[in-house]
Amino acid sequence: MHATQQDIISILENAGLSADVSAIQGNTDLIKEAGIDSLEMMSVYLGIEEKFGIHIPDQDLDRLDTIDNIIQYLQKLPE
Amino acid sequence: MIGIQAIGTYIPSGRIDNRLKTAKFEIDETFLTEKTGALRSAVKAEDEDTSDLCCKAFYDLQQKTGLQPGRIECAVVCTQNPDNRGLPHTSAIVHGKLGLPESCAVFDISLGCSGFVYGLSVIQAFMQANGFTTGVLFTADPYSKIVNPEDKNTSLLFGDGAAATLIGNDPVWTTGKFLFGSQGKEHASIRIGTPDGKLEMNGRAVFSFSATVVPKNILAMLESNRLTVEDIDLFALHQGSRYIVDTIKKKLAVEDRKAPFVAADYGNTVSSSIPLILSDPGNASCSTVVIAGFGVGLSWASTVLFKVNKGK
């Protein structure tokens, strides 16, 4: 499944985060470094699911900790 | 024409200060203020049972209306935390404690956070089918019975409270068309899940459901009533958490003041959260109000309330 950095940034921008999205780089840890809390991350996960029409199992969430890792995760999913 | 005539409420005086749990759960106070929303959780006294909460809400209703128990033709209790594990039904215990007449029909409804909206439809239909003009819908679901204080997912959210809503033929608000829904396949998202009978909640599943299904349900309900978001004075949304209320509000593009979060001092009171909003005197002048309940089941329901013009 193809996903770009801009796709993920748009999702972060639309998630109503208290963090400054413009300061988040591809390898910034979304929780530990960007300071996105657990409830806001639920909005991020939901944004990804809605954008790409997928369901992310709970056991995969730990892998979605940076923009780069989210893109990598999505790329491994079938189109 | 019957509808909501008055609402009595009861919030126990006991409180748990959730700010004292921030270190244990590795969160800061901003998380409580802006996300979960409940700075304090109301908690009933050890010797108060669910039926007692109902009775105390009823006494408040009596103070407001002078309602005599002998006039009540039916009483419905909505709870999933009944007295004595539900046998006998809590409404029977309330019937006895309040001295309601033998001719009064009573029964319980088992629903969680959607319970007030469902209950309103059920009691009105029951009253209309039987020609009744005076009924009371009780909501009382003291989650302090089942919340594990060590569970971060639930112990910062819920509080105890109750409401007694008088349904009568001199209403303040009448109801429009209702719209209901259920996702039984997701029933495990909020349940009694531990061997010692404590609550478990998959917060992410409940959030995703609330953020996606509920706004669509409200919009479809409004359309069925030939209304739009702009026509509504107040959105009395179930107070699951501040973050859920804020998320639904954003999805509906509703102004902040029209969809308040009011439970900071007592928490999520389950099926009583909506009547607690409606009973606020500051909302008495609202002429068109959306009520939307959603949660355990997963279950959801919404309708619109229309203020009755009393010609005053």
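Predicted model: local features only at pLDDT ≥ 70, side-chain atom pairs only at ≥ 80, totals over all residues.
Another cis peptide bond joins Gly297(B) to Leu298(B), with omega near -10°, and Leu298(B) sits in the loop that runs between strand E13 (288-295) and strand E14 (299-307) of chain B.

We can now turn to chain A and its helices. Two packed helices are described by the angle between their axes and the distance between the axes. Helix H1 (residues 5-14) of chain A and helix H2 (residues 38-52) of chain A have axes that come within 9 Å and cross at roughly 130°. That angle makes H1(A) oblique to H2(A), and the crossing of the pair is right-handed. On the side of H1(A), the contact is made by Asp7(A), Ile8(A), Ile11(A) and Leu12(A), while H2(A) brings Val44(A), Gly47(A), Ile48(A), Lys51(A) and Phe52(A). Sorted by class, the residues of this contact are 6 nonpolar, 1 polar and 2 charged.

H1(A) also packs against helix H3 (residues 67-75) of chain A, at an angle of about 115° and with the axes 10 Å apart, and this crossing is right-handed. Here Gln5(A), Ile8(A), Ile9(A) and Leu12(A) of H1(A) meet Ile67(A), Asp68(A), Ile70(A), Ile71(A) and Leu74(A) of H3(A). The residues of this contact divide into 7 nonpolar, 1 polar and 1 charged.

The next step leads from chain A to chain B. The size of an interface is often given as the accessible area lost when the parts come together. Chain A and chain B bury about 1,200 Å² between them, and 53% of that lies on carbon and sulfur atoms. In chain A, the residues that lose the most area to chain B are Leu39(A), Met42(A) and Leu46(A), which together account for 45% of what that side buries. The contact takes 18 residues from chain A and 13 residues from chain B.

Helices meet across this boundary too, for the axes of H2(A) and helix H1 (residues 29-36) of chain B come within 10 Å and cross at roughly 45°. H2(A) and H1(B) are therefore oblique to each other. Ser38(A), Leu39(A) and Glu40(A) of H2(A) make this contact with Phe31(B), Lys35(B) and Thr36(B) of H1(B), and by class it has 2 nonpolar, 2 polar and 2 charged residues.

Charged side chains complete the tour. Side chains of opposite charge can pair when their charged atoms come close. Across the interface of chain A and chain B there are 5 salt bridges, and Arg204(B) meets Glu49(A) in a salt bridge with a distance of 2.7 Å from N to O. Over all chains, the whole structure has 20 salt bridges. Within chain B, Lys97(B) forms a salt bridge with Asp52(B), whose closest N and O atoms are 2.8 Å apart. Lys97(B) lies in helix H3 (residues 90-98) and Asp52(B) in helix H2 (residues 50-65) of chain B, so this pair ties together parts that are 45 residues apart in sequence.

How values were computed: Residues numbered from 1 in each chain as written. Chains lettered and ligands numbered in written order. Heavy atoms only, no water. Axes fitted to C-alpha atoms, helices over the stretch in contact; angles between N-to-C directions. Helix = DSSP H or I, 4+ residues; strand = E, 2+ residues; numbered from the N terminus. Parallel < 35°, antiparallel > 145°, perpendicular 65-115°, else oblique. Left-handed = near helix turned anticlockwise from the far one by under 90°. Contact = heavy atoms within 4.5 Å. Nonpolar A, V, L, I, M, F, W, Y, C, P; charged D, E, K, R; others polar. Buried area = accessible area lost by both parts, 1.4 Å probe. Salt bridge = Lys/Arg side-chain N within 4 Å of Asp/Glu carboxyl O.
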